[in-house]
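Subject: Handover of the structure

Hello,

Here is the structure I promised to pass on. Please open it first, then read my notes below.

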Amino acid sequence: MLEVINLGCLRGERLLFQDINFRLEPGESLVVTGENGSGKTSLLRMLVGLTPLFSGSIQWKSRPIDQMVGEYRRELLYCGHPLALKDGLTAVENLHSIAALAGETVSLTAVHDALDQCGLNACAPMPVRALSQGQKRRVHLAKLLLLKRSLWVLDEPLTALDVNASRHIVQAIDQHLRSGGIAVLTTHHGLPLAFTPQTIRVGA
Amino acid sequence: MNWTSPSEFFAMGGYGTYVWGSLSVTVAVLFVEFVLLAKRRRAALVRIKYNTTLRREVGK
Amino acid sequence: MIDWFKYSSPKTFYPIAGKAIPWFAAIATVLAVAGMYVGFFMAPTDAQQGEGYRIIFLHVPVSWMSMFIYVIMAFWAAIGLIFNSRLSGMMASALAPTGAIFTFLSLWTGALWGKPMWGIWWVWDARLTSELILLFLYLGFMALQSAIDDVRRADKAGAVLALVGVVNIPVIYFSVQWWNTLHQGASVSLTRAPSMATIMLVGMLLMALAAWMYTAAISLMRVRCLILEREHHAAWIHELKEIKQ
Amino acid sequence: MNDSLGLYACCRIAQRDLKLAMRRKSDAATPLLFFVIVATLFPLGIGTEADTLRTIAPGVLWVAALLATMLSLPKLFEDDYADGTLEQLALSSAPLSAFVVGKIAAHWLLTGLPVAVLAPLLALQFHLPSSSLLVLSATLMIGTPVLGLIGAIGASLTLGIRGGGILLALLVLPLYVPVLIFGTGAVDAAAAGLGATANLSLLGAMLVIGFFFAPWAITAALRIALE
């Protein structure tokens, strides 16, 4: 499904990594490890198509991703470092607009359901400005449940989450993999997934 | 030939200031551009030479 | 079929440019001397403007060149965006300062011509005004490139700006001319100098070619500087004879 | 399918931007206030002689409008860029250019349109004949979206750059020249009793051309900024 061949990344004048190879089939996951500044985030951004490739290729269903931009993006969900939430909007409004801007129409009940599953029903009508950092993160990750996408690319999904919320996320990822999804993630913490993920280490 | 004497040439029929003002500034600006570039090149070379020797020292 | 991509690598281009620079510089000097000789010794005195008109042998070529350079710059920018080649971006960056200098010189010589002809230093003439805006475009391009730290991003952003600029230049020129006729009536045009004799045209063409060759030489010099600055980590740089000696 | 998706995306982002602006009304009103104050300063600086004011009115009001729309341009993409929304938009299955157009439309509704509505009132202070008031408003109606399209190019190029705001002005102001010339030209022509249609149609042509080309440049610049 997702295949990465001889991927290399040049940042400024520095070669961050080269010859990265992996292949993920439905139900499989990959954890990218490495030190700060080793290029984990760059790898993910290449994977979703934000950063152009310096060398190598990325294929989805045996076709290079830059040849099937629209199709690939409809199956892809990327959660980066910034949360992409608007302080002035409520949690519900934020999720609703995120879904709409991602190109999907979702009902308000679906939004509320997703928030419920993340344990945020009390926060739903509050402006995001009033939420704690961890709560914001959970709102951000609620879109994993809201948008039905087959490829999840998550950059440090457990940052700023308490034990309880982390477990929620891990469960969500497990559920995603069980139903035939693919996940690529970076993490500093151990990630007690039900299926053993592939791991890859970037940087020298 | 238009000019009978050098002084006539330099006077430019009363327009000397303007004609020579244009010419001198043009020449000066282009010359300065050249000099600055030559300096820039020297600076770049010095920096690279420094790095090269550093490499050799480390390589030894 | 020539392998253009081979020549677009900085490593191959650097020595070729180094060999070409003296030639361009020599041709520029010869042409400039010939042009000046024609302009100052062969061209006759103008009936209306006296000797003052001889400024056009500088003014017209630098003005042509100032506009021409922007177009070449945009050309390299487009190539850089399409083929994602590093050298094209460097070419565009190398041309901008020279273009800005020629634009400044065009304004300077234009003002020095305007003073005796019209009695004032600055006339809101369509051409002069367009040149002034062109200078702003060059300065904007250079400011944008120097404000971005990542050179690859700087090249690409500059390329987009150059393309936007080159699309806009005709619109700007047309609008300024429209505005000029509206506010001033017919203005004295600099290039429509009365009864352009063939010999004057020859002088101007020689000077224009000289400016062209100068631009080639100086921008190649600047490209070489840019290559040295940007690729200083590359192994081939350390093998150059100017480094080894 | 793709077109309707684009249109939907365009409307949704415009709607969201307007909603956000309505929650911070003071921010939204700043450019407008700026416009009024700048226009008021000119009579104070130049004097209150009616003929002089009448002559400078189109230029002053147009330059003030131009600066007012430019004032809020750095914000156009900056917030979305900083909080990561922009990269999500770039990864959306809807085309990025649709979002760009939507954001520019919202920006215009918040600055260009109110300025165009307000300008005739200020023009009265400058003793502009009532016949040219409507023309002034019309030129601003057509001209400010062009300013928005051009300005957005500058905003996307200077995204995330130190000193971006002032650099934006340097990049964008020279490109504003044609709009300024045809905008003020129309008002002058109307005041002189000549028809303003020629100028207005030229402005309209620029709007059409800008609408087709600017989004391309903006999306290219945004993707470069996101790399």
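One caution before the findings: this is a predicted model.

Start with the open sheet in chain A. Four strands form it, in the order β2-β1-β4-β5, and the pairing is antiparallel. β2 and β5 (63–64) of chain A stand at the edges. Each has a single partner strand, so one side of each is left without a neighbour in the sheet.

Look next at β1 (residues 2–11) of chain A. Seven bridges tie β1 to β2(A), in the antiparallel sense. One pair to find on screen is A:Val4, whose bridge partner in β2(A) is A:Phe22. A helix packs on this sheet: α1 (residues 40–48) of chain A. Helix α1 touches β1, β2 and β4 (55–60) of chain A. The direction of α1 makes about 125° with that of β1(A).

**Chain A: two positive phi values**

A:Asp19 has a phi near 55°, which is positive in a residue other than glycine. A:Asp19 sits in strand β2 (residues 14–24) of chain A. Is A:Asp19 buried or exposed? A:Asp19 is exposed, because it has 10 other C-beta atoms within 10 Å, and a residue with 12 or fewer counts as exposed.

The other is A:Ala84. Its phi is also positive, at about 60°, although A:Ala84 is not a glycine. A:Ala84 belongs to the loop between β6 (76–79) and α3 (91–101) of chain A.

**How the chains meet**

Chain A and chain B have no contact, and their closest C-alpha atoms lie 15 Å apart. Chain B and chain D do not touch either; their nearest C-alpha atoms are 24 Å apart.

**Chain C: helices and no strands**

Chain C has nine helices and zero strands. Its C-alpha atoms fill a box of roughly 65 × 40 × 35 Å along the principal axes. Buried residues make up 50% of the 245 residues in chain C. Take the contacts in chain C between residues at least 6 apart in sequence: 80% join residues at least 24 apart.

In chain D, go to helix α8 (residues 164–191). At 1.5 Å a residue, its 28 residues should span 40 Å. The end C-alpha atoms of α8(D) are 39 Å apart, which agrees. There is a bend, though. α8(D) bends by about 40° at D:Tyr176, and a proline, D:Pro178, follows within four residues. Of the 28 residues of α8(D), 23 are buried, so this helix is largely enclosed by the rest of the structure. Just after α8(D), D:Gly193 takes a positive phi of about 85°.

D:Thr158 lies in the loop between α7 (130–157) and α8 of chain D. D:Thr158 is buried, with 31 other C-beta atoms within 10 Å. Leaving out residues up to four places away in sequence, D:Thr158 touches D:Gly164, D:Leu167, D:Leu168 and D:Leu171. D:Phe77 is 81 residues from D:Thr158 along the chain, and their C-alpha atoms are separated by 9.8 Å.

D:Leu109 is in helix α6 (residues 96–125) of chain D. D:Leu109 counts as partly exposed, with 15 C-beta neighbours inside 10 Å. D:Ile37 is 72 residues from D:Leu109 along the chain, and 20 Å separates their C-alpha atoms.

Over to you.

Best wishes

Definitions and conventions:
Residues are numbered from 1 along each chain as its sequence is written. Chains are lettered from A and ligands numbered from 1 in the order in which they are written. This is a predicted model: local features need pLDDT of at least 70, side-chain atom pairs count only at pLDDT 80 or more; totals for chains, interfaces and linings use all residues. Helices (H or I, at least four residues) and strands (E, at least two) are DSSP runs, numbered from the N terminus. A residue is buried if 20 or more other C-beta atoms lie within 10 Å of its own, exposed if 12 or fewer, and partly exposed in between; C-beta atoms are placed from the backbone. Two strands pair if DSSP finds at least two bridges between them. Two residues are in contact if their C-beta atoms, placed from the backbone, lie within 7 Å. Axes are lines fitted to C-alpha atoms, for helices over the stretch in contact, and angles run from 0 to 180 degrees between N-to-C directions. The expected span of a helix is 1.5 Å times one less than its number of residues. The bend at a residue is the angle between axes fitted to the seven residues ending there and the seven starting there.
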